[in-house]
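Please consider the sequence and coordinates shown below. The paragraphs that follow proceed from a single side chain to the elements around it.

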Amino acid sequence: MAAERFYYTTPLYYLNAKPHIGHAYCTVLVDAMTRFRRLFGDEVHFLTGTDEHGQKVQKAADQRGLTPQQHVDELHAAFRDLWPDLHVHYDDFIRTTEPRHVRAVQTLLQRLHDQGDIYVQDYAGWYSTAAERFWAEDDLVDGKCPDTGLEVQYITERNYFFRMSKYGAALRAHIVANPGFIRPANRANEVLGFLDKGLQDLCISRPKERLSWGIPIPFDEDYVTYVWFDALTNYIAALGWPDDPEFPKWWPHAHHFIGKDILTTHSVYWTTMLMAAGVALPQSITATGWWLSGDRKMSKSLGNVVDPLGMKDVYGPEVLRYFLLRDMVVGLDSNFTEEALVRRNNSDLANDLGNLARRAAGLVGRYFGGRVPEGGAPTPDEEEIIAEARTLHGRVQDLVAELQLHTAIEETMQLVRRLNKYMTDTAPFKTIKTHPAAAARSLYTVLEGLRHAACLLGPVMPEKMAELTDALGAAPTTNIHDLRWGGLVPGSVLKMEEALFPRRDLPVTEAPAPAPAKPPKGAGDGAKAQAAPASSPEGVIAFDDFMKVVLRVATVREAERVSGSDKLLRLQVDLGEERRQVVAGIGKQFAPEDLVGRQVVMVANLAPRKIFKLESQGMILAVDTPDGGLALLQPTREVPPGAQAH
Ligand code: MSP
């Protein structure tokens with residue numbers, strides 16, 4: 001495939017708080033995407049940075065008794081310096097206080113003003129200081145700001161407005177004509193719904209008397225620029241817009257990665273700004289979900305922020321990266337717990353991957369002088385592994401292109417598990433006595449399989465996988481097209497010394513709460529609910545552990561049998577904000593047509609798993625009946641889909 005070009009961006013993080021796991025996630029995701037693309041032979045430019053103007057930052061500086069400039073100069077380093085610690089390598093870091101950014105914003109404002117797309121008007125409305133914006137009377141909820149729930153004030157003000165409404169129809173047409181433009185697809189519908197309510201013009205100035213910390217409006221010295229108009233422009237400012245000859249090299253290939261809470265600003269404000277400026281729209285805007293803590297977004301104000309640096313220091317940055325990318329489906333929310341991270345480390349990394357490498361290296365050390373043995377002609381079993389590895393290369397490329405990183409990782413881990421089984425089945429530690437050539441071949445297959453896995457997991461855990469490759473006595477593979485079976489050279493010296501991923505103890509949980517309830521049997525997902533850690537012999541769990549389980553009511557929209565199974569049904573369920581696919585083992589008791597329209601209760605934050613090659617994104621709850629059937633749990637009356645049980 002011909003090499004493609006990608007310009008990847010993260011949001012610019014506000015400097016009103018220290019970096020947390022939500023910020024780390026988006027940046028690690030873009031870093032992994034960048035590394036995957038480069039592995040596939042593509043060219044990538046990766047931009048991140050900090051959003052340094054506006055009321056929030058000014059307030060944060062005031063609280064610290066610093067000038068805004070002192071505050072941002074100090075705090076931006078917390079972000080800039082965190083990324084290398086998480087093994088993130090960006091190509092450019094932009095601060096919105098840099099001259100190159102200020103120049104681009106002012107050029108854009110002037111251009112839009114000159115062409116009549118910015119006008120001045122008196123505006124009266126309800127102003128929310130917390131949300132930094134005006135609201136119409138109808139928008140208010142109980143007379144309060146709908147975003148923050150805080151007080152609003154009625155004020156009249158002269159301001160500058162961008163004629164955003166003029167571009168609404170063109171934007172709508174663009175979204176409809178380009179299905180991959182806003183990802184995941186359900187988010188595109190959300191934006192279309194927003195546009196259908198009628199697009200207003202956008203207030204893009206703030207009087208200096210109210211807010212001085214911003215970019216001066218070039219045609220009126222009494223005003224500064226609204227922080228979003230300012231910040232969004234970074235994506236072109238960093239490439240030297242409007243006059244840098246390098247700008248066209250990257251801009252038409254832009255892909256923005258953002259959190260779902262800032263979708264409107266990107267897909268509506270930013271796109272219409274670009275249309276007005278005569279600049280092409282980005283290729284895609286991907287809205288990710290949130291990392292939750294007990295089902296609430298982690299945020300500074302809620303005080304439930306997990307410090308990514310803390311996790312990195314305890315478990316290592318690459319275990320954290322693996323967890324973030326494996327346990328989050330791009331676009332959906334996920335619960336962050338230290339315990340889930342430790343379990344992931346122990347099962348996937350220490351056990352499946354690390355142990356296999358150690359076992360194989362140990363035998364090679366003992367019987368082959370620590371040198372990669374000869375492979376020889378493959379048996380049918382090995383032919384199968386070789387074919388699987390080959391298919392996996394293409395699968396990983398497709399899955400990454402579809403942003404299914406968690407599945408790309410999982411399918412690579414399936415190869416590792418296959419190698420584990422093969423090692424046990426072929427038992428080289430026994431055959432070494434009777435068939436040394438067969439033992440040599442088994443070990444070669446395992447080592448070579450590990451080399452492939454290390455290459456495909458490299459974008460997720462760059463340093464650990466480089467270490468593993470080196471320990472296997474192999475050279476790093478920089479392009480996936482050069483990764484061929486048989487590339488591991490017999491005779492190379494293995495350098496496997498320490499365990500790559502040590503096993504970890506589960507973090508200590510709080511004292512158990514009384515009154516254990518027997519959990520309902522899990523009917524979805526073909527598997528039982530993951531057993532809670534027995535924090536006492538009676539299986540009592542702490543209240544906090546229970547709170548980690550998100551139970552939601554879902555409405556079944558579609559149901560069909562999974563071909564080849566009489567037990568499994570594939571359901572499409574509606575959770576209000578999102579649709580999910582669930583594979584449930586209830587096909588013997590229920591006909592698909594009996595389920596459509598029914599409300600069920602599901603565990604909504606289980607890590608997705610593959611059943612019959614289908615991904616199951618949740619588990620439906622059911623109980624056994626005395627006649628050997630199943631009864632589904634459901635609310636006593638209809639409730640909005642997505643409602644959470646508590
Ligand atoms: N400064 C704006 C973005 C301007 S882009 C031109 C901003 N900054 S932010 O620091 O508040 O948030 C940055 C990103 O972090 C957002 O995409 C937001 O969704 C993401 N996250 C913040 N908390 C999060 C979680 N708990 N989980 C995942 N991401 C979340 O908005």
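Which residue does the side chain of Thr50 join in a polar contact? In this predicted model, the partner is Glu52, whose side chain forms a polar contact of 2.7 Å with that of Thr50.

Thr50 belongs to strand E2, which covers residues 43–51. Its relative accessibility is 0%, and Thr50 is therefore classed as buried, since the cut-off for that class is under 20%. When residues up to four places away in sequence are set aside, Thr50 touches Leu12, Tyr13, Leu15, His76, Phe79, Phe93, Ile94, Arg95 and Thr96.

Gly49 stands opposite Ile94, a residue of E3. Strands E2 and E3 run parallel and are joined by 4 bridges. Both strands are part of an open sheet of 6 strands, paired in parallel and ordered E3-E2-E1-E12-E13-E7. The edges of this sheet are formed by E3 (92–95) and E7 (182–183); each has a single partner strand, so one side of each lacks a neighbour in the sheet.

Helix H17 comprises 22 residues, 436–457. At 1.5 Å a residue, H17 should span 32 Å, and this agrees with the 31 Å that separates its end C-alpha atoms. Of the 22 residues of H17, 19 are buried, which means that the helix is largely enclosed by the rest of the structure.

Conventions
Residues are numbered from 1 along each chain as its sequence is written. This is a predicted model: local features need pLDDT of at least 70, side-chain atom pairs count only at pLDDT 80 or more; totals for chains, interfaces and linings use all residues. Side-chain values use heavy atoms; hydrogens and water are left out. Helices (H or I, at least four residues) and strands (E, at least two) are DSSP runs, numbered from the N terminus. Buried means under 20% relative accessible area, exposed over 50%, partly exposed in between (1.4 Å probe, protein chains only). A polar contact is a pair of N or O atoms within 3.5 Å; within protein, one must be able to donate a hydrogen and the other to accept it, and residues adjacent in sequence count only if both atoms are side-chain atoms. Contact means heavy atoms within 4.5 Å. The expected span of a helix is 1.5 Å times one less than its number of residues. Two strands pair if DSSP finds at least two bridges between them.
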